[in-house]
Amino acid sequence: MRKLTKQDLDRLDSFLLGQDDEAMVLGELDGFLAGMVISPDLVPPSQWWPVIWGESGPVFEDEGEFNAFLGLIMARYNEIARALSGGGKCAPLLEKDTDGTWFWELWAAGFDKALDLAPEGWLLYEKSGDEAVTAAFRMLVAMALAGSDEGRPPQESDRELQEQAPAIIAACVECLNAHRLAAHGAPGRSQPVPSVGRNDPCPCGSGRKFKKCCLN
């Protein structure tokens with residue numbers, strides 16, 4: 001599978017910024033995709049694809065552009081899944097502030113949207129009986145609430161998050177994924193990158209043909 005380059009990420013970032021205000025930006029998308037990878041309940045792309053764009057949906061020039069950006073998004077999803085299934089960590093896509101601290105809030109806001117999909121499945125972590133797993137899950141939930149302006153993590157963790165957010169997020173995600181794989185007794189999963197024809201069903205799940213839905 002392909003590994004995303006900086007040019008790929010810059011292209012995806014620019015495209016997302018050119019969409020409606022409801023669409024996710026790159027850091028938010030990354031948190032959302034990480035959430036989809038470690039979700040205890042498998043959520044197919046046809047269900048989570050519309051969440052990326054909001055109610056207005058994406059605007060593509062043609063079928064080729066649609067497949068190109070669908071490929072970039074699924075490549076990042078697969079990149080996260082591949083790193084975690086190998087027992088490693090996948091560094092989140094975060095930006096640094098001028099003082100050297102990390103902007104983790106966008107990633108957390110995207111993860112918050114992942115929590116809203118198949119919410120009952122996430123109880124696997126809350127009720128794991130493993131203190132490390134529960135602590136990792138609660139940390140990500142606290143960050144998600146802060147990222148969505150519904151709450152904030154404890155004050156004593158603020159500075160640590162700003163300075164070590166990539167390592168903290170990666171460790172928490174890796175911990176939860178390891179527990180998920182152990183609980184399900186299954187290897188890491190990833191979705192193949194689909195190619196969509198004009199007359200195929202739209203991957204957004206609307207039930208309409210692609211040419212009469214997201215292609216427009």
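This report looks at the salt bridges of the structure above and at how they join its helices.

The model is predicted, so local features need pLDDT of at least 70, side-chain atom pairs count only at pLDDT 80 or more, and totals for chains, interfaces and linings use all residues. Residues are numbered from 1 along each chain as its sequence is written, and side-chain values use heavy atoms, with hydrogens and water left out.

Side chains of opposite charge can pair when their charged atoms come close. A salt bridge here is a side-chain nitrogen of Lys or Arg within 4 Å of a carboxyl oxygen of Asp or Glu. The whole structure holds 5 of them, including these:

| Glu-28 | Lys-113 | 2.8 Å |

Let's start with Glu-28 and Lys-113, which form a salt bridge. This pair links distant parts of the chain, 85 residues apart: Glu-28 sits in helix α2 and Lys-113 in helix α5 (residues 105-115). Helices are DSSP runs (H or I, at least four residues), numbered from the N terminus. Glu-28 is buried, at 10% relative accessible area, while Lys-113 is partly exposed, at 26%. Buried means under 20%, exposed over 50%, and partly exposed in between (1.4 Å probe, protein chains only).

Where do Asp-30 and Arg-76 stand, buried or exposed? Both are buried. Asp-30, Arg-76 and Glu-79 are also linked in a network of salt bridges.

Key
Helices (H or I, at least four residues) and strands (E, at least two) are DSSP runs, numbered from the N terminus.
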